[in-house]
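Subject: Structure handover

Hello,

Here is the structure for you to look through. My notes on it follow below.

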Amino acid sequence: MRLAGKTPEPRKATRVLLLDAAARPIDDAIVLWFPAPASATGEDVAELHVHGGRAVIASVFAALSALENLRPAEPGEFTRRAFENGKLGLTEAEGLDDLIHADTDRQRRQALRQLKGLLGDRARDWRAQIIEASALIEAGIDFSDEGDVPEELIAPALARIEALLAEIGEVLAAQGRSERLRDGLVVAIAGPTNVGKSTLMNQLARREVAIVSPHAGTTRDIIEVQLDLDGYPVTVIDTAGIRETDDPVEQEGVRRARARAADADLVLWLSDSVDSVAEHHGATPVWTVRNKIDLAASSRPLAEQGRFQISASRGDGVPELIAALVGFAQEYFGQGEGGLISRTRQRKLLQETSASLKRSIEVVGQGEELAAEELRAAAHSLGRLLGRVDVEDILDVIFREFCVGK
């Protein structure tokens, strides 16, 4: 190693004085050397643990850039090399990506399970069993010119396929929306103008994220804030006040507010009147929240199923509303935190696998060759899930989301 002056003992932290090309000291550092294949990427890897000052980092980069055949890593390049060298599967790489971008503790735990390879291990076992069942059926085909295919070959293959179908079906049918845990729950605050939507937004965020004004129509665009509610990722959206207006800018804000509310997972319809009716006609659940109870002497905080009374300015009733949101998130995600599937891609490929297995059972009576072909399709789908076949089109999409150095 040029900068260290020598190659340290493998996998042993060694203190060295790093030198540049002119033998000038750069930093008193720790160097680790991992020769291939016993490294994270399966290649020769050197780690430099240096002090974090900008001048030190700049000097190390300058010294490294002066070396031949050396360049900065692309985003996700180390993880991609680990994947290509068989150090981790595609589901584990996706888990690492999710772990890097996890904002809440529940997201972190789900990503860590993927990184540990829980889905990948199951998929590899399923694929091995499919290949074994396929071998039994294809062995039976060799007897086709001698009469009936021996039942002792077909029967155990079908039994194995049916067991696999049930096992994969349980994973697909598991309660919860673990895929959505990656993106989080979307809650839209909607309602007429000047009822305190922005004030409630600031209360939920515990900081000033939206402009609060006594003038109607202050919020004209969508304002979003990311919250961590008991480990659940929640995006709260402050929308423009819904009313009839001649202002073309405000009209666009109202249109966007209605569209965003329709796409949300939950709508909080905020008003300052007991008689206000939620103007929302989609399938999204709607909670009615009456604000400004501090201005009504006879009103007090209320929290019951789908109906709340609060004072966004003073905070009355807001803790109860937040507790209800946590409960909604728990019900919405269900047992998703414990699910094996974390991405739509994974669910789609498991569904394809299940469909192929089902068809192999249905067509076996029409010909063992048809059943064997369906089993090959099922194994191919699991191979795509693991990243071993036909995945070049998605690799760039996955790894470009990684940070540099991963």
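Which residues of helix 2 (residues 77-84) are buried? They are Glu77, Thr79, Arg80, Ala82 and Phe83. Buried means under 20% relative accessible area, exposed means over 50%, and partly exposed is in between, with a 1.4 Å probe and protein chains only. Helices (H or I, at least four residues) and strands (E, at least two) are DSSP runs, numbered from the N terminus. Helix 2 is followed by glycine 86, which has a positive phi, near 75°.

Before the rest, some ground rules. This is a predicted model, in which local features need pLDDT of at least 70 and side-chain atom pairs count only at pLDDT 80 or more, while totals for chains, interfaces and linings use all residues. Residues are numbered from 1 along each chain as its sequence is written, and side-chain values use heavy atoms, with hydrogens and water left out.

The chain as a whole

The protein chain has 13 helices and 10 strands. Of its 406 residues, 45% are buried. Contact means heavy atoms within 4.5 Å. Among contacts between residues at least 6 apart in sequence, 58% join residues at least 24 apart.

Two helices

Two packed helices are described by the angle between their axes and the distance between the axes. For helix 11 (residues 344-363) and helix 12 (residues 368-386), the axes come within 8 Å and cross at roughly 170°. Axes are lines fitted to C-alpha atoms, for helices over the stretch in contact, and angles run from 0 to 180 degrees between N-to-C directions. Helix 11 and helix 12 are therefore roughly antiparallel; angles under 35 degrees count as roughly parallel, over 145 as roughly antiparallel, 65 to 115 as roughly perpendicular and the rest as oblique. Residues that meet include Leu349, Leu350 and Leu357 in helix 11, and Leu375, Leu382 and Leu385 in helix 12.

Aromatic rings

The whole structure holds three aromatic pairs. Rings of Phe, Tyr and Trp (its six-membered ring) pair if their centres lie within 6.5 Å; planes under 30 degrees apart count as stacked, over 60 as edge-to-face and the rest as tilted. One of the pairs is tilted: tryptophan 287 and phenylalanine 308, 5.2 Å centre to centre with 40° between the planes. Tryptophan 287 is in strand 8 (residues 286-290) and phenylalanine 308 in strand 10 (residues 307-309), so this pair ties together parts 21 residues apart in sequence. Both tryptophan 287 and phenylalanine 308 are buried.

Phenylalanine 328 and tyrosine 332 have ring centres 6.3 Å apart and planes at 20°, so that pair is stacked. Both lie in helix 10 (residues 318-333), four residues apart, about one turn of the helix. Phenylalanine 328 and tyrosine 332 are also both buried. Ring pairs link Trp287, Phe308, Phe328 and Tyr332 into a cluster.

Backbone points to check

Most residues other than glycine have a negative phi, and most peptide bonds are trans. Alanine 36 and proline 37 are joined by a cis peptide bond, with omega about 0°. Proline 37 is in the loop between strand 2 (25-34) and strand 3 (45-49). Aspartate 230 has a positive phi, near 55°, and lies in the loop between strand 5 (223-229) and strand 6 (232-238). With 46% relative accessibility, aspartate 230 counts as partly exposed.

Regards
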